[in-house]
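Open the structure in your viewer and keep the sequence panel beside it. The tour goes from one selection to the next and says what is there each time.

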Amino acid sequence: MINIAVLGYGTVGSGVVEVIKTNQSNVNKRAGKEINVKYVLDLRDFPGDPVQDILVHDYNIILNDPEVDIVVEVMGGLNPAYQFTKSALEAGKTVASSNKELVASHGAELLKIAKEHNVNYLFEASVGGGIPIIRPLNQSLTADEFTEITGILNGTTNYILTKMFDEGSDFDTVLKRAQEKGYAERNPEADVEGYDACRKIAILTSLVCGKQVDFEDIYTEGITKITGAEIKYAKALGGTIKLLGKSIFKDGTVYSMVSPFIIGDEHPLFNVSGVFNGIFINGNMLGDTMFYGKGAGKLPTASAVVSDVVDAVKHQGTNIMTIWEEEKVTLGDFNNFECRYLVRVKDTNTEEAIKAAFGDVDYVDAGIDGEKAFLTNVISEGSFNEKAKTLDVIYRLRTTL
């Protein structure tokens with residue numbers, strides 16, 4: 001029997017207990033041993049819930065119990081999750097986590113500690129919810145040099161943009177509906193400003209590079225400035241708008257960002273709608289591949305956590321090699337990143353002035369009075385910002401078109 005302890009009985013923690021209970025026979029078969037939830041740690045009590053019988057409020061009970069082999073950390077945040085995780089690894093206990101904030105900030109350090117104590121730190125559920133992506137990057141796609149990772153990594157923003165696009169609703173209306181449905185937090189800042197997606201692309205990029213990519217260094221732009229006008233222009237171009245976490249690997253340099261993009265119907269992520277996530281990867285041997293599924297939610301995320309528990313049982317006494325060193329990656333200067341831009345300018349800007357700034361452009365008509373809009377040629381971020389100073393720009397949006 002393998003005893004596990006679950007830290008946190010919130011949405012994901014209760015899901016982990018439910019997945020193990022519901023699929024107990026299959027989980028045990030896959031693991032090769034019986035998996036038993038011995039403890040659940042939470043500050044609260046849950047009268048009437050069977051979990052009350054195994055509920056503890058003191059983490060030291062778990063830490064000091066030699067019968068606990070695996071700790072499941074689904075608390076979220078950095079503190080006390082970091083201290084609990086570090087002490088568990090140092091005590092010779094494997095840790096499985098869904099905590100993207102902790103993984104992005106301390107993943108390399110915690111993997112090093114796990115290796116030193118011949119246990120594992122596993123975090124499949126930290127990116128993409130129930131979508132398997134960490135394990136494929138670490139174990140399956142090891143023959144390739146990657147040229148690009150691009151993902152719709154946040155279900156809340158994808159839901160909002162999908163509803164704005166399909167129904168013509170404004171941002172505030174859709175956000176309120178997302179909160180009512182439980183897709184968005186009461187304070188949605190981490191989602192709508194792109195911070196959640198930023199941590200996730202930082203994790204994926206760190207794994208590809210084998211070194212630390214600090215999420216604070218990644219250019220991040222959310223969706224709060226997207227209006228019905230941008231939606232109309234995207235439709236006029238035959239495209240849609242998605243918040244993308246993107247890393248480009250070019251000539252030994254990594255360019256990484258989170259930003260809304262207009263993408264066309266030929267793009268692999270075009271049809272990823274609602275709360276679903278999609279992660280597109282290009283390798284120099286593999287070519288294009290994509291991972292798709294529910295990127296959040298109680299049971300999909302819990303399923304990924306339990307898959308790590310099963311993997312941990314299979315590798316008891318063996319450290320699963322994960323190359324993620326603490327040495328920091330210096331990202332390429334974002335001013336050198338190149339793409340095309342959809343630019344909205346006030347109608348007072350003449351075509352001559354636009355040509356003087358950007359050369360020949362492709363004008364886009366979405367039937368909006370009082371402004372002009374055009375697509376630039378491929379241009380660097382820095383060059384765009386300089387040229388845009390000569391015009392009265394309403395808004396600009398990056399595009400893969």
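Which residues of helix 1 are buried? Select residues 11-22 to see helix 1, and then pick out Val12, Gly13, Ser14, Gly15, Val16, Val17, Val19 and Ile20, its buried residues. Keep in mind throughout that this is a predicted model.

**Stop 1: helix 1 and its surroundings**

Helix 1 has 12 residues, and its first and last C-alpha atoms are 16 Å apart, close to the 16 Å expected at 1.5 Å a residue.

**Stop 2**

Leucine 41 has valine 56 in strand 3 as its bridge partner.

**Stop 2: two packed helices**

Two packed helices are described by the angle between their axes and the distance between the axes. Select residues 24-31 for helix 2 and residues 298-314 for helix 12; they pack at an angle of about 35°, with 8 Å between their axes. Which residues meet in this contact? Helix 2 brings Val27, Arg30 and Ala31, and helix 12 brings Val306, Val310, Val313 and Lys314. Of the residues in this contact, 5 are nonpolar, 2 are charged and none is polar.

**Stop 3: aromatic rings**

Show the side chains of the aromatic residues. The whole structure contains 12 aromatic pairs. A pair of aromatic rings is described by the distance of the centres and the angle of the planes.

Start with phenylalanine 123 and tryptophan 324, an edge-to-face pair with 6.0 Å from centre to centre and 75° between the planes. The two residues are 201 residues apart in the chain: phenylalanine 123 is in the loop between strand 6 (121-122) and helix 6 (134-140), and tryptophan 324 is in the loop between helix 12 and strand 14 (325-328). Both phenylalanine 123 and tryptophan 324 are buried.

Move on to tyrosine 159 and tyrosine 183. Their ring centres are 4.9 Å apart and the planes are at 65°, so this pair is edge-to-face. Tyrosine 159 is in helix 7 (residues 155-167), while tyrosine 183 is in the loop between helix 8 (171-180) and helix 9 (189-192), 24 residues apart. Is each of the two tyrosines buried or partly exposed? Tyrosine 159 has a relative accessible area of 5% and is buried, whereas tyrosine 183, at 36% relative accessibility, counts as partly exposed.

Then select Tyr341, Phe358, Tyr363, Phe374 and Phe384, which form one aromatic cluster.

**Stop 4: strand 7 and its partners**

Go to residues 146-152, strand 7. Here 6 of the 7 residues are buried, so strand 7 is largely enclosed by the rest of the structure. Strand 7 pairs with strand 12 (residues 276-283) in the antiparallel sense over 6 bridges, and phenylalanine 146 stands opposite glycine 283 of strand 12. Strand 7 also pairs with strand 10 (residues 239-250), again antiparallel, over 4 bridges. Glycine 151 has glycine 245 in strand 10 as its bridge partner.

Stay in strand 10 and select phenylalanine 249. Phenylalanine 249 has 17% relative accessibility and counts as buried, because the cut-off is under 20%. Beyond its neighbours within four places in sequence, phenylalanine 249 is in contact with residues including Phe146, Ile149, Val208 and Cys209.

**Stop 5: helix 11**

Last, select residues 228-236, helix 11, with its buried residues Ala229, Glu230, Ile231, Tyr233 and Ala234. These pack against elements including helix 7, strand 10 and strand 11 (253-264). Just after helix 11, find glycine 238, which takes a positive phi of about 75°.

Notes. Residues numbered from 1 in each chain as written. Predicted model: local features only at pLDDT ≥ 70, side-chain atom pairs only at ≥ 80, totals over all residues. Heavy atoms only, no water. Axes fitted to C-alpha atoms, helices over the stretch in contact; angles between N-to-C directions. Contact = heavy atoms within 4.5 Å. Nonpolar A, V, L, I, M, F, W, Y, C, P; charged D, E, K, R; others polar. Buried < 20%, exposed > 50% of the residue type's maximum accessible area, 1.4 Å probe, protein only. Pairing = 2+ DSSP bridges. Expected span 1.5 Å × (residues − 1). Phe/Tyr/Trp six-rings, centres within 6.5 Å; stacked < 30°, edge-to-face > 60°.
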